[in-house]
Amino acid sequence: MESGTKLKAQQSLASTQADKITSADKNTFSHLVLDGKGPIAVEFMSYGCSHCGTLEPILQQVASMLESKVKIFRVNTETEKELATTFQVEATPTLIMFLNGKNVGKIVGPTPTVSSILTAMAQPFRGFS
Amino acid sequence: MRGAKPILLFNDECNVCRRISSWVQKSAKTKSGEATIIDRAIGEDPEALKRLSPNLNIWDAYATIHLLMPNGSMKLGGEAVAEVLRNIPKTKWFAWTFAVSIFGFRPFQIILNICYAILADMRPLFGCESCGTPGFWIKPIRRMIKWISGDRRTKLLSSSPL
């Protein structure tokens, strides 16, 4: 139990240190997302949502794979209710894709696998180079 | 660290966790009314949790019960429950049993771990939307409850409604 606890703590620390997703709030959203150039994906999530917890490591993996192509941000719907309302987010996790600041696609409760996230994210950006 | 108390982190978005936490809050008091355990909602700020304990990850905190000990160590799941029971005057008379070891096994702690795992799996049955998809053994029970209560929608969500 003790060694398992330690291992879990180390994994947690490692996963936090390698956070590839930047958090956005109502003050930074415009600058980071709406004024952003190129493809951007925003995950609307909350820490208390277990589906978001399942998706988190997958999204981290996708973020490091797409680092140079797609920027990924997260918005916490518990603290940013206004943003959630603005973008009609009714459940978490929801991924909204923006292209040059324009909303081009939305996925609610994506299947938490790297391939399905990559496919779902790529679809709205198809044709963009 | 003198006078420091264990801190029980609980999921404020889950009915079951909130009720258990409020029971702990009421029960974990000495005769003089001093609290023996501090309850703290996990909240939404990962950095605030890190300030509490540098190794504490917010996702892990929501996944299982965490008890931060005054010496900085962390107890999880059934171990945390046992420690909480040791700190409650009403329950500490039997909580010593969880430390009883027979040939390296702690039978009562093992039973408690199993009970905790069952309760954690059952939280979605009690309306906890933030506790995720129910465990495989809970799904038929959940369907039955929904069917009896007239809600025939048995679709299992892959997202939590806001």
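Reader: Which residue of β5(A) stands opposite E43(A)?
Author: That's L95(A). Keep in mind that this is a predicted model, where local features need pLDDT of at least 70, side-chain atom pairs count only at pLDDT 80 or more, and totals for chains, interfaces and linings use all residues. Residues are numbered from 1 along each chain as its sequence is written, while chains are lettered from A and ligands numbered from 1 in the order in which they are written.

Reader: What makes β2(A) and β5(A) a pair?
Author: Pairing takes at least two bridges found by DSSP, and strands are DSSP runs of E, at least two residues long, numbered from the N terminus. Strand β2 (residues 39-45) and strand β5 (residues 94-99) of chain A have six bridges, in the antiparallel sense, so they pass the test.

Reader: What does L95(A) face in β6(A)?
Author: I107(A). β5(A) and β6(A) run antiparallel, joined by six bridges, and form a hairpin with two residues between them. N100(A), in that turn, has a positive phi of about 50 degrees.

Reader: Why are β1(A) and β6(A) said to stand at the edges?
Author: The open sheet of chain A has five strands in the order β1-β3-β2-β5-β6, with mixed pairing. β1 (22-23) and β6 (102-108) of chain A each have a single partner strand, so one side of each lacks a neighbour in the sheet.

Reader: Why is α3(A) called oblique to α5(A)?
Author: Helix α3 (residues 50-65) and helix α5 (residues 114-122) of chain A pack at about 60 degrees, with axes 9 Å apart. Axes are lines fitted to C-alpha atoms, for helices over the stretch in contact, and angles run from 0 to 180 degrees between N-to-C directions. Under 35 degrees is roughly parallel, over 145 roughly antiparallel, 65 to 115 roughly perpendicular, and the rest oblique. That makes α3(A) oblique to α5(A).

Reader: Which residues of α3(A) and α5(A) meet?
Author: I58(A), L59(A), Q61(A) and V62(A) in α3(A) meet V114(A), I117(A) and L118(A) in α5(A). Contact needs C-beta atoms, placed from the backbone, within 7 Å. The residues of this contact divide into six nonpolar, one polar and no charged. For those classes, Ala, Val, Leu, Ile, Met, Phe, Trp, Tyr, Cys and Pro count as nonpolar, Asp, Glu, Lys and Arg as charged, and the others, Gly among them, as polar.

Reader: How many residues of each domain of chain B are in contact with the other?
Author: 10 residues of domain 1 of chain B are in contact with 11 of domain 2 of chain B. α4(B) gives the most to the side of domain 1 that touches domain 2, with four residues.

Notes: Contact = placed C-beta atoms within 7 Å.
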